[in-house]
There are 2 protein chains.
Amino acid sequence: MRTLYHLPLSPFARKVRLVLAEKRLPFETRVEKVWERRPDFLEMNPAGTVPVLVEDNGLIIADSNVICEYLDEAYPDLALLGRTLGERVEVRRLAAWFDQKFAHEVLRNLVWEKTMKQLLKLGPPDGAALRAGHVKLNEHLDYIGWLAESRKWLAGSSLSLADFAAAAMLSSLDFLGDIDWSSHPAVKEWYARMKSRPSFRAVLADRMTGLNPPPHYSDLDF
Amino acid sequence: MRTLYHLPLSPFARKVRLVLAEKRLPFETRVEKVWERRPDFLEMNPAGTVPVLVEDNGLIIADSNVICEYLDEAYPDLALLGRTLGERVEVRRLAAWFDQKFAHEVLRNLVWEKTMKQLLKLGPPDGAALRAGHVKLNEHLDYIGWLAESRKWLAGSSLSLADFAAAAMLSSLDFLGDIDWSSHPAVKEWYARMKSRPSFRAVLADRMTGLNPPPHYSDLDF
C-alpha cells in the first residue's frame, strides 16, 4: 500500500494528503517523529523531514513540493499544476510562496513556537515570535483575500496546488485557533469551499493528544 | 530581449543564469537592489526576491525553482530535470536540498553575514553564525563528495539541475574564499568539470565593488 510518512499538524504533509485524496489515490499514513532521527527514515530522506511518500513500486519521494510535482506527472488525470505555461508559472509561484515565505514568516513563528518547542521541551513560546507571526499572518491573509476576491481560485480560474498549499497552511493555524476569520471574509468564503471538499475530511478529523482545536475547526459552516 | 533581474552573488540567480546559458537562450541581466523595494519590481514579484525572468512575450517568472521548471517545459531540447519519473524525483530532491537546506544552513550564515549585513549596515558578521555555517558547509561538502564519488553527476548519470543548483551555491561561497577544496577532492573534481563549462564563464567573470575573490576563483585548473 502507498504510504505517507507524516506528522498530523505538518501543513506540508497535509498538502500532500489533500492532493492524494483529490487524485483518488489510496494511501495509508504513518506518523514519523522526525525529532527521533530514526536511521531507517533518514536513509529514505537524508533531510529528515516529513512528508515522505513511498509508492507501491518502492519509489521513495521526499519533499512536499517534489511529491506534488511527481503526483501531477505520474497521475495527470486531475492536473493541479495548470495547463498553459503561464498558468503553471502562477500555480508554482503561489505554491512556493506558501511553502517558503508563509512558512518562514508565519508557520515557524506560530506553529513551531506553540507545539514543537513544547513537545521538545525547549522552553515556553517566545512572545516576540508570536507577535511577529501574527503581524505577518494578517498581511498574508490580506493577500489571500485579494487573490480570492479577484479570481475564482487562488491561482486563477482552476482549482490548483496553490489552493491546497494555502489551505493546508491555514488548516494547521486554524487548529491552533490562530485565525480571526471575521476580519477576512473573502478568505473565509474561499476556505469554506476548500474545507467542504471530500479530500479535506481526513485532515479535519485528526486529533492530537493534549491539543484541542477550536469549536469551529471542523465545522463546514463556520 | 529576455531579461533576468538578479544580484551578482545570489546563487539562486546564478543557477538560472547557468541554466539559460546551457539552453543557449540569450538574455540580458539587470541588477536589482532588492533592499530598495522598488515598487515596479514588487509588482513583478511581490516576494521581492531575485531572480525574476521576463520573457519577450511579457511573461514574468519569479522564484528560481519556478523559473527552472518553466525553462525545462518551454525549452525542452536540453532536459535538465531528468527523463523518467524516478530521475525527476532525484533531480528535484537535490535541487530542493540546495535551494532550501543548504541555503538555510550555510548560505544564510556565511554569505548573508559577510556581504548583505555589511551592505545594509546591520553590524559586523556574527561569529557564532559564521562558525555554524562552516560546520554545516563541511557536512554538505561531505555529502556532495559522496554523491560525486558514487555517480557521474550529482543526481545520476546525466547532468541536471541538481548540478547547477549545487555549483551555483558553491560558486558564491568560493567567491568569498569559504571553501577548503583540498579537504574535499571529489567535490573539487566535480566542481572543476562544472566550472569548465562555457555556461559558467559569465558567472565567473562577475566582480563587485569592494569584494575580491581568491586567486583560484575563476581558474579552471585550480
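**Interface and symmetry of chains A and B**

The two copies meet through the same surface, since 100% of the interface residues of chain A are also interface residues in chain B. The structure is a predicted model, in which local features need pLDDT of at least 70 and side-chain atom pairs count only at pLDDT 80 or more, whereas totals for chains, interfaces and linings use all residues. Residues are numbered from 1 along each chain as its sequence is written, chains are lettered from A in the order in which they are written, and side-chain values use heavy atoms, with hydrogens and water left out.

The contact (heavy atoms within 4.5 Å) takes 23 residues from chain A and 23 residues from chain B. The size of an interface is often given as the accessible area lost when the parts come together. Here the buried area (the accessible area, with a 1.4 Å probe, that two parts lose on being put together, summed over both) is about 2000 Å², with 67% of it on carbon and sulfur atoms.

Six salt bridges (a side-chain nitrogen of Lys or Arg within 4 Å of a carboxyl oxygen of Asp or Glu) are found across the interface of chain A and chain B. One of them joins the side chains of B:Arg88 and A:Glu73, at 2.8 Å from N to O. On the side of chain A that touches chain B, β4 (60-62), α3 (64-74) and α4 (85-119) each supply at least two residues; helices (H or I, at least four residues) and strands (E, at least two) are DSSP runs, numbered from the N terminus. The largest share, 10 residues, comes from α4(A).

Two copies of a chain are related by a rotation about an axis and a shift along it. Chain A is superposed on chain B by a rotation of 180° with 0.0 Å of shift along the axis, at an RMSD of 0.0 Å (least squares on the C-alpha atoms of residues with pLDDT of at least 70 in both). That is the relation of a two-fold axis. Of the residues of chain A, A:Gln100 comes closest to this rotation axis, with its C-alpha at 4.4 Å.

Helix α4 of chain A also contains A:Glu113. A:Glu113 is buried, with a relative accessible area of 9% (buried means under 20%, exposed over 50%, and partly exposed in between, with a 1.4 Å probe and protein chains only). The side chain of A:Glu113 reaches the backbone nitrogen of A:Asp126 at 2.8 Å. By contrast, A:Gly127, in helix α5 (residues 127-150) of chain A, counts as partly exposed at 30% relative accessibility.

Notes:
Polar contact = N/O pair within 3.5 Å; in protein donor to acceptor, adjacent residues only side chain to side chain.
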